[in-house]
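Trainee: Please take me through this structure, a topic at a time.

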Amino acid sequence: MERLDATGLREASGELAELLVDTVRGGSSLGFLADLDRAAAHTWWHGLAPAVEAGSLAVWAARDEHRDDRRVTGTVSVAFTDKPNGRHRAEIAKLMVHSTARGQGLARALLAAAEEAAAEAGVTLLVLDTETGSPAETVYRRAGWTEAGTIPDYAADPSGALHATTLFYKRLGAG
């Protein structure tokens, strides 16, 4: 698992695009609809490089060490805020594990890496949202996250159907 700098993100954007398309095709919207193709996903990932370079976004990639191509099998991001009253908090975003790599603890390892880096950056409160009833809820609960509530019809799934989202938070360190 590695934290990507802006150059690394640009270089991995094709593999990250494949991961994003796989995840959306598997039913997780992550802000995208079913018609997401690899080119659009690649453009989206590539477009995040300036935020990584500015330090407002941190992105990790996990690679399959058992394959010759060391393909990206998972990712997670931390979005930091620059608002003066919110520098103590950040958001976990785009936690994804390829459909062929699920059930091996990779999501939890990615989440732990993001939490640790956020704490090292002085963040004392993390937040995230995920589709209500999704398997991701179990990952967050087992990792010590606290449910804050749900919002009905918050986001569309890849097919366009609206679903509720569950908000979670986690205090880090002395926060």
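Mentor: Gladly, and we begin with a definition: buried means under 20% relative accessible area, exposed means over 50%, and partly exposed is in between (1.4 Å probe, protein chains only). This is a predicted model, in which local features need pLDDT of at least 70 and side-chain atom pairs count only at pLDDT 80 or more, while totals for chains, interfaces and linings use all residues. Residues are numbered from 1 along each chain as its sequence is written, and side-chain values use heavy atoms, with hydrogens and water left out.

Trainee: Which pattern does the chain follow, read along the sequence?

Mentor: Helices (H or I, at least four residues) and strands (E, at least two) are DSSP runs, numbered from the N terminus. The chain has 5 helices and 7 strands. Read along the sequence, they give β-α-α-α-β-β-β-α-β-α-β-β.

Trainee: What radius of gyration does the chain have?

Mentor: The radius of gyration is taken over C-alpha atoms, and the globule rule is 2.2 Å times the number of residues to the power 0.38. The C-alpha atoms fill a box of roughly 40 × 35 × 30 Å along the principal axes. A compact globule of 175 residues would come out near 16 Å, and the chain agrees with that, having 16 Å.

Trainee: What share of the contacts between residues at least 6 apart in sequence joins residues at least 24 apart?

Mentor: Contact means heavy atoms within 4.5 Å. Of the 175 residues, 41% count as buried. For the contacts you ask about, the share that joins residues at least 24 apart is 58%.

Trainee: How far apart are the mean positions of the positive and negative charges?

Mentor: Lys and Arg count as positive and Asp and Glu as negative, with His and the chain ends not counted. The place of a charge is taken as NZ of Lys, CZ of Arg, CG of Asp or CD of Glu. The chain has 18 positive and 24 negative charges, and the distance between their mean positions is 4 Å.

Trainee: Which side chain of opposite charge is nearest to aspartate 22?

Mentor: Aspartate 22 lies in helix H1 (residues 6–25), and it is buried yet has no salt bridge. Beyond its neighbours within four places in sequence, it contacts His98, Ser99 and Arg102. The nearest side chain of opposite charge is 4.3 Å away and belongs to arginine 102.

Trainee: What relative accessibility does valine 123 have?

Mentor: Valine 123 sits in the loop between helix H4 (106–120) and strand S5 (125–131). Not counting residues up to four places away in sequence, it touches Phe80, His88, Arg89, Ala90, Ala118 and Leu172. Valine 123 counts as buried because its relative accessibility is 3%.

Trainee: Where is lysine 94, which has a positive phi although it is not a glycine?

Mentor: Leucine 30, in the loop between H1 and helix H2 (38–46), has a positive phi of about 50° although it is not a glycine. Lysine 94 has a positive phi of about 55°, and at 23% relative accessibility it counts as partly exposed. Its place is in strand S4 (residues 89–97).

Technical notes:
A salt bridge is a side-chain nitrogen of Lys or Arg within 4 Å of a carboxyl oxygen of Asp or Glu.
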